[in-house]
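Hi,

Here is the structure I promised to pass on. Have a look at it first, and then read my notes below.

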Amino acid sequence: MPSCLSWLQNRSLVSTAGLYAFGLSSDAINLLSVNQSAKALFQAMDSLLSPEGDSQRTQYPYVTGTSVIGIKYKDGILMAADMGGSYGSTIRYKSVERLKQVGKHSLLGASGEISDFQEILKYLDELILHDNMWDDGNSLGPKEVHNYLTRVMYNRRNKFDPLWNSLVIGGVKNGQKYLGSVSMIGVHFEDDHVATGFGNHLARPILREEWREDLSFEEGVKLLEKCMRNLLYRDRSAVNKLQIAKITEEGLTISQPYSLKTFWNFAAFQNPTVGAEGSW
Amino acid sequence: MFRNQYDTDVTTWSPAGRLFQVEYAMEAVKQGSAAIGLRSKTHVVLACVNKANSELSSHQRKIFKVDDHIGVAIAGLTADGRVLSRYMRSECINYGYTYESPLPVGRLVVQLADKAQLNHKACGVAARPVGNVDGIPFTPGSTFLTLKSHFTCWQVCTQRSWKRPYGVGLLVAGLDESGAHLYYNCPSGNYFEYQAFAIGSRSQAAKTYLERKFENFTGSSRDELIKDALFAIRETLQGEKLTSSVCTVAVVGVGEAFNILDQATVQALINEFEISGEEGPANESVAEEAGGDAGGAAPTEAGAATEQETAPMDI
């Protein structure tokens with residue numbers, strides 16, 4: 001076997017790489033007086049093949065927020081998000097603000113990695129600052145912010161270092177309502193109502209049924225609360241403490257945190273796994 | 001030639017506080033063939049005089065489309081004008097890529113003016129641009145991370161000509177959220193917003209015409225603006241016949257992307273306007289009542305005289 005290996009190594013880098021296919025550790029192969037270039041290759045492969053190595057990328061998120069929901073309504077945009085911050089499946093933080101103002105005309109909601117969201121807010125602060133420094137009466141609207149974020153997200157994903165978020169951007173400028181979304185890989189679109197994460201599965205069907213162009217503020221809030229209550233019941237990461245934000249031509253307001261009324265005495269909630277074979 | 005102790009480079013001040021190189025550059029603008037611009041609330045029109053270098057050559061382009069909402073007319077060194085309009089194009093494209101919306105005209109003009117300034121600074125010791133790949137004016141990645149596209153781009157774009165001021169004046173016409181705009185960018189790095197302006201050789205005649213009429217421009221229609229542009233251009237020709245081959249006209253406005261009118265269209269307009277100028281003072285008085293009647297006796301006469309003088313052009 002050793003002679004076989006050294007023969008393999010004398011051939012080419014490709015065959016040294018092939019040693020991994022034999023199930024040998026790099027240590028074992030090092031013993032076989034590997035040439036310099038092959039050593040470099042091992043180092044490169046160490047970081048590529050091992051699950052962590054010394055990578056500087058975000059490989060998975062740590063503290064995450066769950067769904068954000070945004071809808072257009074008569075006078076502007078409404079957005080809702082709860083305030084939980086999950087550390088894995090532990091709900092570790094209970095008052096994370098995930099709805100933020102961006103400039104004069106825009107509102108940003110984020111799910112996913114909270115620290116990445118904070119980084120994004122830092123970018124946006126600088127963007128808006130420089131925009132204001134022109135002091136020429138022009139300002140970035142929600143459409144511009146949305147496109148900018150799309151570029152940022154896509155650019156980072158192309159570096160294999162994504163910002164681990166799904167974002168919802170809404171706003172009103174010059175009487176024009178705008179609502180859109182960007183994912184961590186740069187997928188972006190506009191719609192009358194958008195949701196991230198679990199909200200896509202649990203809230204959007206409700207919105208498709210019940211959303212109207214001429215929703216009043218009260219109706220809009222009611223609709224969002226219905227969606228949030230559904231998420232609260234079925235999404236284990238959701239917490240019963242949420243904020244709703246409103247943005248219109250007049251300006252932006254983000255509500256104080258509050259809770260929804262819940263009713264857990266439905267039969268299905270009493271013993272959720274009854275009849276589900278194999279569960280406990 | 002007289003010699004001047006203080007004019008050998010851009011960084012030397014005269015005791016009177018002047019920079020002669022910059023003034024010479026502004027002189028270059030006056031030597032170029034004329035370009036004019038005027039605007040209403042909704043439209044901006046640019047026009048220029050085309051002069052060929054020789055009988056055997058064609059003329060050089062003096063009006064450039066920068067983006068759908070911006071265009072420039074230049075007077076002075078055409079080569080510098082081309083470099084600057086290329087810069088403007090790339091700024092517009094980059095802004096459009098990042099924000100999916102048109103670059104506000106005023107901002108582009110400031111960036112352009114800063115470039116003229118930077119050229120002076122680059123003549124000093126340490127103001128050379130740093131740390132960028134030559135020949136690549138823009139790297140999206142760096143913008144996203146630094147978020148300073150306005151500030152990084154013009155540093156990168158400095159050209160070989162960094163030892164002298166640009167020898168070109170630009171009339172920048174554009175439309176944005178805040179309406180139609182006309183700016184003049186000077187080699188000195190100054191810029192001004194105008195209702196109407198003329199630059200280049202014999203532009204004073206056009207300026208006089210525009211000064212007489214500009215108060216009506218705000219409410220003018222697109223076609224009225226073009227008409228006034230052609231009249232203003234004719235003033236700079238001083239007797240030479242105005243035909244579509246000696247001038248270029250371009251328009252940008254609400255619902256109309258910046259476009260250079262083709263020669264046939266311009267000729268048709270010239271013909272049309274000459275007719276109305278000759279036959280129908282009554283016709284015109286509707287559009288021109290304020291200018292014609294309130295303008296006082298002397299200018300009205302002058303205007304009428306030139307109009308009649310050109311009437312034979314209608315063939």
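**What I found**

Let's begin with a pair of strands: in chain A, β6 (residues 99-102) and β7 (residues 106-113) run antiparallel and are joined by 4 bridges. Strands count as paired if DSSP finds at least two bridges between them, and the strands (E, at least two residues) and helices (H or I, at least four) are DSSP runs numbered from the N terminus. A:Gln101 sits opposite A:Leu107 of β7(A). The two strands β6(A) and β7(A) make a hairpin with 3 residues between them, and A:Gly103 in the turn has a positive phi of about 65 degrees.

Before you go further, a word on the ground rules: this is a predicted model, where local features need pLDDT of at least 70 and side-chain atom pairs count only at pLDDT 80 or more, while totals for chains, interfaces and linings use all residues. Residues are numbered from 1 along each chain as its sequence is written, chains are lettered from A and ligands numbered from 1 in the order in which they are written, and side-chain values use heavy atoms, with hydrogens and water left out.

Now for where the chains meet. 20 residues of chain A are in contact (heavy atoms within 4.5 Å) with 21 residues of chain B. About 2,000 Å² is buried between chain A and chain B, with carbon and sulfur atoms giving 55% of that; buried area is the accessible area (1.4 Å probe) that two parts lose on being put together, summed over both. On the chain A side, A:Trp134, A:Asn138 and A:Arg151 lose the most area to chain B, together 31% of what that side buries.

There are 3 salt bridges between chain A and chain B, a salt bridge being a side-chain nitrogen of Lys or Arg within 4 Å of a carboxyl oxygen of Asp or Glu. A:Asp131 and B:Arg107 meet through their side chains in a salt bridge, at 2.8 Å from N to O.

One links A:Lys122 to A:Glu119, whose closest N and O atoms are 3.9 Å apart. Why are they separated by about one helical turn? Because A:Lys122 and A:Glu119 are 3 residues apart in helix α5 of chain A.

Cheers
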